[in-house]
Amino acid sequence: QFQVFDPADIPQAPQSDALAVDPVIFGNEYSEYSFKVGDGPTWCTINGNDKYVVCEQIESDATYDELPAPDSCKLSFGYQFKLFETKPKGEDAAQITCANSLYADPSEAQTLGTGETLTVGEITCFVTEATARCDNKKKNFIVLSSDVWALG
């Protein structure tokens with residue numbers, strides 16, 4: 001049984017006058033685009049080659065209820081969320097990953113602020129204060145902040 005969040009705390013769409021930022025600002029030489037999420041401890045990385053985004057945070061920064069890990073996961077669960085551009089065969093497009101380490105180091109990442117969007121391939125991410133939401137063209141999404149998470 002998962003914690004239920006107020007739907008008002010889950011961003012639905014970027015503001016109508018959101019500014020699309022140039023992905024180059026966030027990119028590295030590996031075709032990965034990392035950004036810190038507004039005012040919060042969360043960060044996301046869009047992998048342009050493998051066509052997915054990972055949003056993550058350090059366990060101690062999360063204030064939501066601990067997520068029950070599947071029996072197959074003996075590592076960290078509930079702090080790293082992944083969204084594929086296209087649903088992989090036999091998997092969900094949006095998923096919580098079983099992680100043994102951070103996907104990316106946020107120390108050099110630029111901040112994506114409220115009112116900005118970042119699009120790489122068919123994945124678009126935006127920030128509302130301290131919450132990130134990333135969507136693919138098929139309307140699958142992930143949402144993550146220290147207070148709330150969602151998959152769809």
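This is a predicted model: local features need pLDDT of at least 70, side-chain atom pairs count only at pLDDT 80 or more; totals for chains, interfaces and linings use all residues.
**Note on the sheet and the disulfides**

1. D17 is found in the segment before β1 (19–20). Helices (H or I, at least four residues) and strands (E, at least two) are DSSP runs, numbered from the N terminus. D17 counts as exposed because its relative accessibility is 58%; the term exposed means over 50% relative accessible area, buried means under 20%, and partly exposed lies in between (1.4 Å probe, protein chains only).

2. Residues are numbered from 1 along each chain as its sequence is written, and side-chain values use heavy atoms, with hydrogens and water left out.

3. Six strands form an open sheet with mixed pairing, in the order β6-β5-β4-β3-β2-β7. The edges are held by β6 (94–99) and β7 (110–112), each with a single partner strand, so one side of each is left without a neighbour in the sheet. On average, neighbouring strands of this sheet are turned by 35° against each other, direction ignored; the axes are lines fitted to C-alpha atoms, for helices over the stretch in contact, and angles run from 0 to 180 degrees between N-to-C directions. Strands of a sheet pair through backbone hydrogen bonds, either parallel or antiparallel. Here, two strands are taken to pair if DSSP finds at least two bridges between them.

4. Strand β3 (residues 43–47) is mostly covered, with five of its five residues buried. This applies to both faces of β3: W43, T45 and N47 are buried on one side, and C44 and I46 are buried on the other.

5. On one side in the strand order, β3 is joined to β2 (residues 32–37) by five bridges, and the two strands run antiparallel. Within this pairing, Y33 has I46 of β3 as its bridge partner. The two strands form a hairpin with five residues between them, and G38 in the turn has a positive phi of about 40°.

6. Strand β3 is also joined to β4 (residues 52–56) by five bridges, again in an antiparallel arrangement. I46 has V53 of β4 as its bridge partner. β3 and β4 form a hairpin with four residues between them, and K51 in the turn has a positive phi of about 65°.

7. Strand β2 pairs with β7 in the parallel sense, over three bridges. The bridge partner of F35 in β7 is Q110.

8. How many disulfides does a search of the whole structure find? The search finds three. A disulfide is a covalent bond between the sulfur atoms of two cysteines; in this analysis the term denotes a pair of cysteine sulfur atoms within 2.5 Å. With the bonded cysteines of the protein numbered in sequence order, the pairing is 1-2, 3-4, 5-6.

9. C73 lies in the loop between β4 and β5 (76–84) and C98 in strand β6, so the pair ties together parts that are 25 residues apart in sequence. With a torsion of about 85° about the S-S bond, the disulfide of C73 and C98 is right-handed. C73 is buried, with a relative accessible area of 7%, whereas C98 is partly exposed, at 36%.

10. C125 and C134 are likewise joined by a disulfide (S to S 2.1 Å). The torsion about the S-S bond of C125 and C134 is about 110°, so this disulfide is right-handed. Is C125 buried or exposed? C125 is buried because its relative accessible area is 0%; C134 is also buried, with a relative accessible area of 0%.
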